Amino acid sequence: MKFMSQGIDLSKSIFIALPKKPGATECELHRTISLMSHITKILQKIIMLRIRIKIKPEIAEEQCGFIEDKGTSNAIYILRTLIERALEAQKDIYPCFIDYTKAFDRVRHDEIITQLKQLNIDGKDSRIITTMYWEQTAAMRIENKTSTFQDIKRGVRQGCVLSPDLFSLYSEIIMRNLENHPGIKVGGQDINNLRYADDTVLIAENKEDLQKLLNIVEEELNSKKTEVMVISRKQESSKCNIFINEVKLKQTEKFKYLGTIISNDGKTNREISARIAQAKINFQKMKTILTNISIETRKRALQCFLEPVLMYGCEA
């Protein structure tokens, strides 16, 4: 079955690459966005509203991404609270900040479809999703030049309305394997992972338990960007030799998780200093503009462009 509507092929899309940082030249430093017809997005929106009722209960509480009334602040707050409680109890905490290799591009279509069937998604909606993903083709556009259309056999498209929900469902397949494995015990419940979309941190009370958690999810990991940390009140932090496929992971003293700095002493001094410094830099960039507008407009500009930078993550 081929989706056609008024000459528009609903299974076709065009990919454009947006640089993650200015001057990026390597492919991995670009984010691929899928452009598709408005009709396709309207159809996907309708299907999304239908299937979300059944998908939502399947998503674990540890997932803060693509979830209503949750965001990065929730994930940051939970992680900092876990660290604080562990240190209060004179316990070290062993987090591993995971980087998945092209997480959105590696999603297997057959596993998504199987999961949807197990949720008893309406047959018509399931067939439409299956066709959109199994029969999808895409072309790459660079500087107004478009390549030939090619079949896409795996991955969810950034820019597709259905992608956030489908990715959340797919990630649950992987992370459910961590159930009943030790992590940090809070109120009698073990918490061994925290997620915001594909930004994942595994949490354990010792390096042996952390290694066991990593062994379960190591297949899709990028060992070069996955880092471990030992958060402790001791002046000298313990060595944490953790491996993925016989490759030793880097042990770091600080890590930027969802835009906020997590330090191995559990304190927020570095993060506060970084927030102030970034706000100052942004202020200097806007200095010329601010001197040529009214006081009221200056206040609004500061509230819009500087206050969010300075106060990001302040809830934690």
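Trainee: Which residue takes a positive phi just after H2?
Mentor: That's glutamine 90, with a phi of about 60°. Keep in mind that we're looking at a predicted model.

Trainee: OK, and H2 itself, what span should its 17 residues give?
Mentor: H2 runs over residues 72-88, and at 1.5 Å a residue it should span 24 Å. Its end C-alpha atoms are 24 Å apart, so the two agree.

Trainee: Which residues of H2 are buried?
Mentor: Ala75, Ile76, Leu79, Arg80, Leu82, Ile83, Ala86 and Leu87. They cover an arc of only 155° around the axis, so they sit on the same side of H2.

Trainee: Switching topic: which residues make the nonpolar surface patch?
Mentor: Ile272, Ile276, Leu310 and Met311, and together they give about 340 Å². Helix H7 (269-290) and helix H9 (307-311) are the elements that each give two or more residues to the patch.

Trainee: Now lysine 207. Where does it lie?
Mentor: In helix H6, which covers residues 207-217. Lysine 207 has 31% relative accessibility, so it counts as partly exposed as well.

Trainee: What is lysine 207 in contact with, leaving aside neighbours within four places in sequence?
Mentor: Tyr94, Lys239, Cys240, Asn241 and Ile242.

Trainee: And how far is valine 230 from lysine 207 in space?
Mentor: 8.8 Å, C-alpha to C-alpha, with the two 23 residues apart in sequence.

Trainee: Let's zoom out. How many helices and strands does the chain have?
Mentor: There are 9 helices and 18 strands. As for overall dimensions, the C-alpha trace spans about 65 × 60 × 35 Å along its principal axes.

Trainee: What share of the residues counts as buried?
Mentor: 41% of the 316 residues. The accessible surface of the chain comes to about 18,400 Å², and 51% of that belongs to carbon and sulfur atoms.

Trainee: One more, on contacts between residues at least 6 apart in sequence: what percentage joins residues at least 24 apart?
Mentor: 66% of them do.

Terms used:
Residues are numbered from 1 along each chain as its sequence is written. This is a predicted model: local features need pLDDT of at least 70, side-chain atom pairs count only at pLDDT 80 or more; totals for chains, interfaces and linings use all residues. Side-chain values use heavy atoms; hydrogens and water are left out. Helices (H or I, at least four residues) and strands (E, at least two) are DSSP runs, numbered from the N terminus. Buried means under 20% relative accessible area, exposed over 50%, partly exposed in between (1.4 Å probe, protein chains only). Contact means heavy atoms within 4.5 Å. Patches are made of residues with over 30% relative accessible area and no salt bridge: like charges are joined within 9 Å, nonpolar side chains (Val, Leu, Ile, Met, Phe, Trp, Tyr) within 5 Å. Accessible areas come from the Shrake-Rupley method with a 1.4 Å probe; for residues, only the protein chains shown count as cover. A salt bridge is a side-chain nitrogen of Lys or Arg within 4 Å of a carboxyl oxygen of Asp or Glu. The expected span of a helix is 1.5 Å times one less than its number of residues. The arc is that of the directions from the helix axis to the C-beta atoms.
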